[in-house]
Amino acid sequence: SASAILGRQAARESAARTYARSLPIVPVRARGMTVEGADGQRYLDCLAGAGTLALGHNHPVVLEAIRSVLDSEAPLHVLDMATPVKDEFTTALFETLPPAFARNARIQFCGPAGTDAVEAALKLVRLATGRDGLLAFVGGYHGQTAGALAASGDTAVRAALEGGGATVTRLPYPYAYRCPFGVGGPAGARLGTRWTRSLLEDPKGGVDRPAGMLVEVVQGEGGVIAAPDEWLVEQRELTARHGIPLIVDEVQTGVGRTGAFWGVGHSGIEPDVMVVSKAIGGSLPLAAIVYRSELDVWAPGAHAGTFRGNQLAMAAGAATLRFVREQGLSQRAAELGTRMLARLRGMQRELPAVGDVRGRGLMLGVELVDRTGTPDELGAYPAAPELASAVRAEALRRGLIVELGGRYGSVVRLLPPLTMTDEQAEAVLERLAESVAAASR
Ligand code: PMP
């Protein structure tokens, strides 16, 4: 039974496991946006593999692609050798990239998770620039690894750690609702860029020229904060002016999620390095970096890994990339996301616990606040993490899976499959509104 399984896993698994704790259901069957628990209840999945399932669970084109590899007797593990499946995946991926970028880009498969690809990107820019520091942003999320390379003995691969590993300078991200400068809208975002410029250009700014800047187009785990396009253009200009490679982490924003195939498509900025994972594997683990060929300074063997050529993931991924493109699912995400955001604004007017709603495409966030607290100078009320947890639990009770994020854990995040129907979107909005109302009673 569901409770026996939950109980056994709670006893055996690390206390670090999170989803099993915050979402105590036992999924046994899934199709599209619907997940069925061992208890027989059905859920609408707005977590969807933390943004991995662009086509939802078990989409027929993904299953078909996986089956065709299985039926072909192709080897499943090939390290990073060349295979027809990999060729197909790489071709499909390059067709989705901004054309000017794709013409001069190299790909390095990393694997199997987004974190691995972020590590690869950081190593690459350090080696390519011979510099060490990194510019990153408050609220950014890029993964959880530390130390494997530092512990390794091979001097050649350890060259990427020259200087001791990145000293990170964290910069303000344009979070309009809680702008650290106390200024709303685009003006607040501009102040952030000014701050970065002063660090780089003021001789007494104290920040050595870094090896790279690492940024998300929309912060996901950080609370669904979409950077304004002009702000991204400013970061591109600033980094270009100072010869700093710009690494855009598209792990969560890629494959149509934000309403453009890649998040950079909105502002038109061209990254030096793009980090891709999650949806590119069509629900199986796959990660890569794509970068300007001038940065390809690696000697053979300088970046390795046992699980970089997952044939099933590449087949599932190629099918996903092609389906999203052919079916216009980026445009669908943009259009449906815009309508949902308008409805969420209505919810914000009706429910005092909703402090802010925001997002881009089908990456949406609802920030819950404590209306009994004192608002800041911009009118933002204190965050309400306990209320947010209660909303997540109420939602689960109503057959809706959502996860939280944000600086204070008080943002409900919606990352539904891009294949979500209008009726499903309606049900999500209704259940969410009921859950917020119930939790704040
Ligand atoms: N970058 C971003 C933007 C992410 O959202 C995540 C995961 N949520 C990662 C990197 C890390 O990916 P993974 O969990 O697959 O290691």
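Trainee: How do the residues of the shell around the ligand divide into nonpolar, polar and charged?

Mentor: This is a predicted model, in which local features need pLDDT of at least 70, side-chain atom pairs count only at pLDDT 80 or more, and totals for chains, interfaces and linings use all residues. Residues are numbered from 1 along each chain as its sequence is written. Ala, Val, Leu, Ile, Met, Phe, Trp, Tyr, Cys and Pro count as nonpolar, Asp, Glu, Lys and Arg as charged, and the others, Gly among them, as polar. On that basis the shell divides into five nonpolar, seven polar and three charged.

Trainee: Which helix gives the most to the shell around the ligand?

Mentor: A residue is near a molecule if its C-beta atom, placed from the backbone, lies within 6 Å of it. Of the 15 residues around the ligand, those that come nearest are A113, G114, T115, V251 and Q252. Helices are DSSP runs (H or I, at least four residues) and strands likewise (E, at least two), numbered from the N terminus. With three residues, the helix that gives the most is α7 (residues 114–129).

Trainee: Where is P112 found?

Mentor: Most peptide bonds are trans. The bond from G111 to P112 is cis, with omega near 0°. P112 is found in the loop between β4 (105–110) and α7.

Trainee: Is E73 buried or exposed?

Mentor: Phi of E73 is near 65°, a positive value in a residue other than glycine, and E73 is found in the loop between α4 and α5 (84–96). A residue is buried if 20 or more other C-beta atoms, placed from the backbone, lie within 10 Å of its own, exposed if 12 or fewer, and partly exposed in between. Because E73 has 7 other C-beta atoms within 10 Å, E73 is exposed.

Trainee: What does N58 count as, buried, partly exposed or exposed?

Mentor: N58 is not a glycine but has a positive phi of about 50°. N58 is found in the loop between α3 (48–51) and α4 (60–72). Because N58 has 14 C-beta neighbours inside 10 Å, N58 counts as partly exposed.

Trainee: Which residues does G317 touch, not counting those up to four places away in sequence?

Mentor: G317 is found in helix α13 (residues 311–326). G317 is buried, with 30 other C-beta atoms within 10 Å. Two residues are in contact if their C-beta atoms, placed from the backbone, lie within 7 Å. The residues that G317 touches are F89, I280, G281, G282 and L286.
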